[in-house]
Amino acid sequence: MDRSFEAHLEQLTRRHSELREALAASGLSGVEFAKLSKEYTELSPIVEDIDALKRARDEASSLADIAETGEDAELRQLAEDELRSLRHRIPGLEQQVKLALLPKDFDDERNAILEVRAGTGGHEAALFAAELFRMYQRYAALRGWRFEILDLSETGLGGFKEASALISGQDVFARLKFESGVHRVQRVPETEASGRIHTSAATVAVLPEAEDVDVRIDERDLRIDVFRASGPGGQSVNTTDSAVRITHIPTGLVVIQQDEKSQHKNKAKALKVLRSRLYDTERRARDSARAAERKSQVGSGDRSERIRTYNFPQGRVTDHRINLTLYKVDRVMTGEALDEIIDAILAQDQAARLAAVETR
């Protein structure tokens, strides 16, 4: 580690001590206490990693002295053995400190809104969209997350034109944020008599759930239309005007919600989705403005980016961003093996961001 980085670690340790003393003193207002307490809490795990590294280095220095100048041969040998083991550990502790100092994505702890839409490929694309949606539903169940369906637009033949859900739980957005993009499927459709492989696609968008305080929506910027909900093929499934279409006039974003029988519930869900889409737009614009961060990203988050191919005849799934191929397409589609892909993507992203920090 270079001197500037070491100085930064010392600065963080001093700041942590200052915060501890300030919090122990009286006279702080509620707002000041909350602000300092938050900073102290965020710094504490980082300082713990720094202290662990410092203790290991001090111990290594003491062992080196004993190994070089100790009078007892057996003690010198013991010190050399321990020193060798410690020198293997120290790089890992240094890496841990660097990882702790990486900029945090504060949206990682949020819930997420999942949107899946059929792309090119007609009926086969709609079937694949439905399978992808169910894949994430099963994956959420495996992780103990809550999966609340917001809207389904079915084709009537087992496929989905589009579907959305709110996924709630621990680190939902952190694990799903790199799923946004075009997912491509290659397989022989059941209706294909000649056995020819078809290629179709579906688009996935994962948005961090936005709270009221994140995005303020002016009612005057909204056009709200109500209409009767309909099922596959236009068949009416509701005799009241319960479906809601909200248009955000400044951006042109449109959200349609018709899953609930209550107009009020549909409006509330539509506003939740609209708020998250607006927040996601702001987030992506903010991220793209940071050139260094953009270079370190595994994916751009662009929904038009082809990120993954599911090849059923070969039984493989390939993530094109990290060149990872798994020959277990069935287990990926059941959600069981999806973690293998997600963990690899997160590791690649972490390594890229760490490299970007180290080269600054």
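Modeller: Let us begin with burial: a residue is buried under 20% relative accessible area, exposed over 50%, and partly exposed in between, with a 1.4 Å probe and protein chains only. At 11% relative accessibility, Arg187 therefore counts as buried. Please note that this is a predicted model, in which local features need pLDDT of at least 70 and side-chain atom pairs count only at pLDDT 80 or more, while totals for chains, interfaces and linings use all residues. Residues are numbered from 1 along each chain as its sequence is written, and side-chain values use heavy atoms, with hydrogens and water left out.

Colleague: What percentage of the 360 residues in the protein chain is buried?

Modeller: Buried residues account for 41% of them. The chain has nine helices and eleven strands; helices (H or I, at least four residues) and strands (E, at least two) are DSSP runs, numbered from the N terminus.

Colleague: How should I read a salt bridge?

Modeller: Side chains of opposite charge can pair when their charged atoms come close. The rule asks for a side-chain nitrogen of Lys or Arg within 4 Å of a carboxyl oxygen of Asp or Glu. By this rule the count comes to 30 salt bridges.

Colleague: Which residue forms a salt bridge with Arg187?

Modeller: The partner of Arg187 is Glu131, with the closest N and O atoms 2.7 Å apart. This pair links distant parts of the chain: Arg187 lies in strand S4 (residues 181-187) and Glu131 in helix H4 (residues 122-142), 56 residues apart. Glu131 is partly exposed because its relative accessible area is 23%.

Colleague: Which residues are linked in a network of salt bridges?

Modeller: The network links Glu115, Arg117, Glu162 and Arg277. Within it, the side chains of Arg117 and Glu115 meet at 3.3 Å, N to O. Glu115 has a relative accessible area of 2% and is therefore buried, whereas Arg117, at 26%, is partly exposed.

Colleague: How should I read a sheet?

Modeller: Strands of a sheet pair through backbone hydrogen bonds, either parallel or antiparallel. Two strands are taken to pair if DSSP finds at least two bridges between them. Here an open sheet of eight strands has the order S2-S3-S1-S5-S4-S9-S10-S11, with mixed pairing. Its edge strands, S2 (146-154) and S11 (324-326), each pair on one side only.

Colleague: In which sense do S1 and S3 pair?

Modeller: S1 and S3 pair in the antiparallel sense, over six bridges. Ala112 has Ile167 as its bridge partner in S3, and Ala112 also stands opposite Pro208 in S5. Seven bridges join S1 to S5 (residues 198-208), and these two strands run antiparallel. Strand S1 (residues 112-118) is mostly covered, with five of its seven residues buried. S2 and S3 (residues 160-168) are antiparallel as well, joined by eight bridges, and Ser153 stands opposite Glu162 in S3.

Colleague: Which residues form a nonpolar patch on the surface?

Modeller: Patches are made of residues with over 30% relative accessible area and no salt bridge; like charges are joined within 9 Å, and nonpolar side chains (Val, Leu, Ile, Met, Phe, Trp, Tyr) within 5 Å. Ile66, Leu75 and Leu78 form such a patch, with about 250 Å² of accessible area together. The areas come from the Shrake-Rupley method with a 1.4 Å probe, and for residues only the protein chains shown count as cover. Leu75, in helix H3 (residues 73-100), counts as partly exposed because its relative accessibility is 46%.
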